[in-house]
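Dear colleague,

Please look through the sequence and the model first; a summary of the findings follows.

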Amino acid sequence: MPLPWTLHGDGAHVAPGEVVAPRERLSWPRTIGLGAQHVVAMFGATFLVPILTGFPPATTLFFSGIGTILFLLVTRNRVPSYLGSSFAFIAPITAATAAEGIADPMGAALFGIVVVGILLALVGLVVQFAGSRWIDVLMPPVVAGAIVALIGLNLAPVARTNFEAAPLTALITLTAVIVASVAFRGILGRMSILLGVVIGYVAAVVQGEVDFAAVGEAAWVGLPAFHLPANPVADAAVWGLLPAFLPVVLVLVAENVGHIRGVAQMTDPSVNAFTGRALFADGLATTIAGFFGGSGTTTYGENIGVMAATRVYSTAAYWVAGAFAVLLGLSPKVGALINTIPAGVLGGVTTALYGLIGVIGVKIWVDNRVDFRSPVNQFTAATALVIGIADFTFSFGQVAFNGIALGTIAAIVIYHLMNGIARWRGTGAPAETPAPGPEPARTGE
């Protein structure tokens with residue numbers, strides 16, 4: 001482990017044009033305040049994943065804190081990042097928990113999360129020794145954007161179902177999210193999802209849609225609920241759910257690489273050398289979380305946005321944030337309170353949120369100037385999106401591929417097949433494949 005952080009200047013001020021580097025810190029009171037701010041920034045997205053998937057919120061918060069601390073250790077305190085719940089897991093977890101013929105639906109979902117974590121860790125090891133150029137070749141921007149977009153848009157029916165459960169509450173929540181995103185500056189503007197949930201929750205309480213009985217019965221302090229993954233030997237049907245989880249590996253790779261490049265651009269280019277370690281750490285954190293009942297993790301754009309606004313990239317603040325998250329996870333009452341959020345609130349917030357995930361995919365195309373005059377790019381994106389949004393399915397035996405898995409396969413195969421044929425036949429210029437630039441802040445995906 002590197003030496004402790006050095007104090008930046010007088011520990012109280014950041015001069016214009018300066019940044020607080022990852023291995024620097026401000027005074028401890030200010031660092032603790034910044035850590036608390038990172039907790040607030042990640043909270044809105046992180047707690048929504050367990051609520052939407054039926055996982056215990058306290059467990060997910062607990063392992064997001066553990067994962068963040070583990071991430072800092074593996075990256076040797078050089079990469080400031082928070083590991084929160086990844087929205088890329090929502091669709092496959094939802095499919096797994098709704099699947100028929102599974103003895104332990106939640107355990108089956110956790111098995112998928114563990115497999116994703118192991119694969120991501122292996123990718124991290126490969127990147128550490130071979131570099132990340134092969135990722136750009138496998139997933140050029142048109143492919144990466146299509147995969148991210150179809151994962152968000154595939155969830156649209158889930159948002160509609162929750163919206164219809166309490167239309168007025170959902171409409172209030174959605175309106176609050178939209179207004180808050182433009183009505184406030186700084187950290188409040190970045191927390192529009194959380195503010196929308198709070199306002200929608202108050203509206204639901206006024207309408208008598210919230211039951212606080214479980215909150216009153218829950219203890220203030222206690223271990224979160226743990227749940228082990230399903231045993232694939234005892235229940236072979238679990239293997240059939242894996243194809244729905246595998247595309248998540250590609251999304252997590254794209255997110256991590258994009259965020260590392262973004263932080264490196266704003267602080268120190270040498271941070272890029274830790275990309276492999278970051279991928280390995282996120283894979284390890286996801287594996288541990290999945291093994292004990294938490295959701296998979298990813299680096300959080302919300303927290304990168306906070307750093308960009310404050311110009312403080314100190315990893316010390318993330319140690320504080322990780323510790324806060326662990327403490328929140330050790331309070332069953334916090335988890336019980338989160339669990340009282342009604343369907344109408346979730347319907348309102350996810351109507352915007354799932355669409356935003358889709359838009360992030362489109363933004364990847366825009367930021368990388370993907371040329372949609374090229375038939376290769378046109379058919380790659382168009383086919384993958386329709387397959388994902390319509391949720392095409394294909395199964396043989398106990399193995400089932402949903403729209404996300406099939407759309408991901410289609411995007412990769414179509415791009416490389418068409419590009420190869422075009423080059424071989426000389427029928428058109430190859431599709432443009434600029435290297436992905438720093439990914440903008442995104443909501444918990």
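Predicted model: local features only at pLDDT ≥ 70, side-chain atom pairs only at ≥ 80, totals over all residues.

**Findings**

Leucine 125 is part of helix α4. The residue also belongs to a nonpolar surface patch of about 570 Å², which is made by Ile118, Leu119, Leu122, Leu125, Phe129 and Leu246. Helix α4, which spans residues 105-130, supplies the largest share of this patch, with 5 residues.

Two or more lining residues come from each of the elements α3 (90-98), α7 (156-165), α12 (242-266) and β6 (399-401). Of these, α3 gives the largest share of the lining, with 6 residues. Sorted by class, the lining of the second largest pocket consists of 13 nonpolar, 5 polar and 1 charged residues.

**Enclosed cavities**

The count of cavities of 30 Å³ or more comes to 2. The second largest cavity contains about 30 Å³ of space. Its lining is formed by Met139, Ala144, Ile147, Val148, Leu250, Val251 and Ala254. The elements that contribute two or more residues to this lining are α6 (141-153) and α12. By class, the lining of the second largest cavity has 7 nonpolar residues, with no polar and no charged ones.

**Two residues with positive phi**

Asparagine 77 has a positive phi of about 65°, although it is not a glycine. This residue is found in the loop between α2 (57-74) and β3 (83-85). Is asparagine 77 buried or exposed? With a relative accessible area of 7%, asparagine 77 is buried, because this value is under the limit of 20%.

Arginine 369 likewise is not a glycine, yet has a positive phi, of about 50°. Its place is in the loop between α17 (343-367) and α18 (375-390). Arginine 369 has a relative accessible area of 60% and is therefore exposed, the limit being over 50%.

Yours sincerely,

A colleague

Note on methods. Residues numbered from 1 in each chain as written. Heavy atoms only, no water. Patch = residues over 30% accessible without salt bridge, like charges linked within 9 Å, V, L, I, M, F, W, Y side chains within 5 Å. Areas by Shrake-Rupley, 256 points an atom, 1.4 Å probe, with all protein chains shown as cover. Salt bridge = Lys/Arg side-chain N within 4 Å of Asp/Glu carboxyl O. Helix = DSSP H or I, 4+ residues; strand = E, 2+ residues; numbered from the N terminus. Nonpolar A, V, L, I, M, F, W, Y, C, P; charged D, E, K, R; others polar. 1 Å grid on protein atoms, 1.4 Å probe; cavity = no way out; pocket = protein on both sides within 12 Å on 5 of 7 lines; lining within 4 Å. Points joined across faces, edges and corners; volume = space filled by probe spheres on them. Buried < 20%, exposed > 50% of the residue type's maximum accessible area, 1.4 Å probe, protein only.
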